[in-house]
Amino acid sequence: ENKGNPWGQNQSARLDWTKALDFDVPVIGQDVEDLGDTEYLFWVGCAGAYEDRAKKTTQAVATLLHTAGVKFAVLGQGETCNGDSARRAGNEFLFQMLAEQNIETLNNAFDGVPTSHRKVVVACAHCLNTLKNEYGPLGGEYQVVHHTQLLNRLVREKRLIPVAPIDGNVTYHDPCYLGRYNGEVEAPRRLLSRLGIELKEMGRHGRRSMCCGGGGGAPLADVEGDRRIPDIRMEQARGTGAAVVAVACPQCTAMLEGVVGDRPDVLDIAELVLRAAERAENRMPVPA
């Protein structure tokens, strides 16, 4: 309520993730006046801005967009929590307050842009669901895409070119808010296939995938029990023999990386694309 994010971090730190990049990320209100001359608003999200692990995904997505020549901008300190965790935890009033604030900010940034061209890309499945499905009734109509959908198109169009094979077997964990809630199970898999990866699917995958345990505000609370949902899900991943669990949401990353003991590496699909891609315009490798 006071800080605009679930961890109470300072709003002034929302752009700290950009400091590790070797290019400038345009900020609306500072570097560009509005979104009239950009392709996408990159909605970073709270985890992507503040969590050290999730920042790596944010940096990977931004680097890939920059490499592919996509014109994008971020809200920086103008962005606040989308309200998903507040609504799922039962604080509807806080959700409404955050949503109204964000919708006003977004509508101002998209002022003069037709609704069909108000494009937003997100790297968090929770942000996807909230901005795409829950802001509309409150006056926020946007064309929201998940980063795996956009990256899949950029690779298909050869604006990003995978050249380095990914070592080891990979399994993919579908985020609930991407697969089960929004029906997107193909784009992440097509993208991984374009990286030369043959997936080792878990028994529960696609629209029948099992939750990582990160829904309903669970990452912000202690869940009692000797065997938690992420432990069960990681056991299923181990059963495939995969060396890597590919994920597509920072909540899934946090929950699955929190499993104690021997386990596969957990990497966002954007990180895998960054490892495999090169600059299409001059065939210079993208930094890993």
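**Entry 1: before starting**

I am working with a predicted model. I began with pairs of helices, and I reminded myself what to look up: two packed helices are described by the angle between their axes and the distance between the axes.

**Entry 2: H2 against H10**

I looked up helix H2 (residues 52–67) and helix H10 (residues 269–276), which pack at an angle of about 50° with their axes 8 Å apart. That angle makes H2 oblique to H10. I also noted that H2 passes H10 in a left-handed crossing.

Which residues in H2 and H10 meet? On the H2 side I listed Arg53, Lys56, Thr57, Ala60, Val61, Thr63 and Leu64, and they meet Ala270, Glu271, Val273 and Leu274 in H10. Sorted by class, the contact of H2 with H10 has 6 nonpolar, 2 polar and 3 charged residues.

**Entry 3: H7 against H10**

Next I took H7 with H10, where the packing angle is about 25° and the axes are 10 Å apart. An angle under 35 degrees counts as roughly parallel, so H7 and H10 are roughly parallel to each other. The crossing of H7 and H10 is left-handed.

I then found that Pro188, Leu191 and Leu192 in H7 meet Ile269, Leu272 and Val273 in H10. By class, the contact of H7 with H10 has 6 nonpolar residues, no polar and no charged ones. Val273 was already in my notes, as one of the H10 residues that meet H2.

**Entry 4: how covered is H9?**

How many of the 8 residues of helix H9 (residues 250–257) are buried? I found 6 of them buried, and H9 is mostly covered. The buried residues are Pro250, Gln251, Cys252, Thr253, Met255 and Leu256. They pack against quite a list of elements: helix H1 (46–50), H2, helix H5 (125–134), helix H8 (229–238), strand E7 (244–247) and strand E8 (265–268).

**Entry 5: H5, a partner of H9**

I followed that list to H5, which is also mostly covered, with 8 of its 10 residues buried. I wrote down Ala125, His126, Cys127, Leu128, Asn129, Thr130, Leu131 and Glu134 as the buried ones. The buried residues of H5 pack against E1, helix H3 (84–88), helix H4 (92–109), strand E3 (119–122), E4 and H9.

**Entry 6: H8 and its buried side**

H8 was another name on the H9 list. In H8, I found Pro230, Asp231, Arg233, Met234 and Ala237 buried. They cover an arc of only 165° around the axis, which puts them on the same side of H8. A reminder for myself about helices: an α-helix has 3.6 residues a turn, so residues three or four places apart point the same way. The buried residues of H8 pack against strand E6 (170–172), E7, H9 and E8.

**Entry 7: Asn152**

I moved on to single residues. Asn152 lies in helix H6 (residues 147–156). Is Asn152 buried or exposed? Its relative accessibility is 6%, and buried means under 20%, so Asn152 counts as buried. Leaving aside its neighbours within four places in sequence, Asn152 is in contact with Ala187, Arg190, Leu191 and Arg194. Leu191 is one of the H7 residues I had listed as meeting H10.

I found Lys158 in the loop between H6 and strand E5 (160–162). Its phi is near 65°, a positive value in a residue other than glycine. With 62% relative accessibility, Lys158 counts as exposed.

Lys19 lies in the segment before strand E1 (40–43). Lys19 counts as exposed too, at 66% relative accessibility. I also checked Lys19 against Gln59: they are 40 residues apart in sequence and 9.6 Å apart in space, C-alpha to C-alpha.

**Entry 8: some glycines**

Where is Gly136? I found Gly136 in the loop between H5 and strand E4 (143–146). At 17% relative accessibility, Gly136 counts as buried. Gly136 and Gly214 are 78 residues apart in sequence, and their C-alpha atoms are 25 Å apart in space.

Gly215 sits in the loop between helix H7 (186–194) and H8. Gly215 is partly exposed, with a relative accessible area of 33%. Last, I looked up Gly215 with Val273: they are 58 residues apart along the chain, and their C-alpha atoms are separated by 26 Å.

Key:
Residues are numbered from 1 along each chain as its sequence is written. This is a predicted model: local features need pLDDT of at least 70, side-chain atom pairs count only at pLDDT 80 or more; totals for chains, interfaces and linings use all residues. Side-chain values use heavy atoms; hydrogens and water are left out. Axes are lines fitted to C-alpha atoms, for helices over the stretch in contact, and angles run from 0 to 180 degrees between N-to-C directions. Helices (H or I, at least four residues) and strands (E, at least two) are DSSP runs, numbered from the N terminus. Angles under 35 degrees count as roughly parallel, over 145 as roughly antiparallel, 65 to 115 as roughly perpendicular and the rest as oblique. A crossing is left-handed if the near helix is turned anticlockwise from the far one by less than a right angle, and right-handed if clockwise. Contact means heavy atoms within 4.5 Å. Ala, Val, Leu, Ile, Met, Phe, Trp, Tyr, Cys and Pro count as nonpolar, Asp, Glu, Lys and Arg as charged, and the others, Gly among them, as polar. Buried means under 20% relative accessible area, exposed over 50%, partly exposed in between (1.4 Å probe, protein chains only). The arc is that of the directions from the helix axis to the C-beta atoms.
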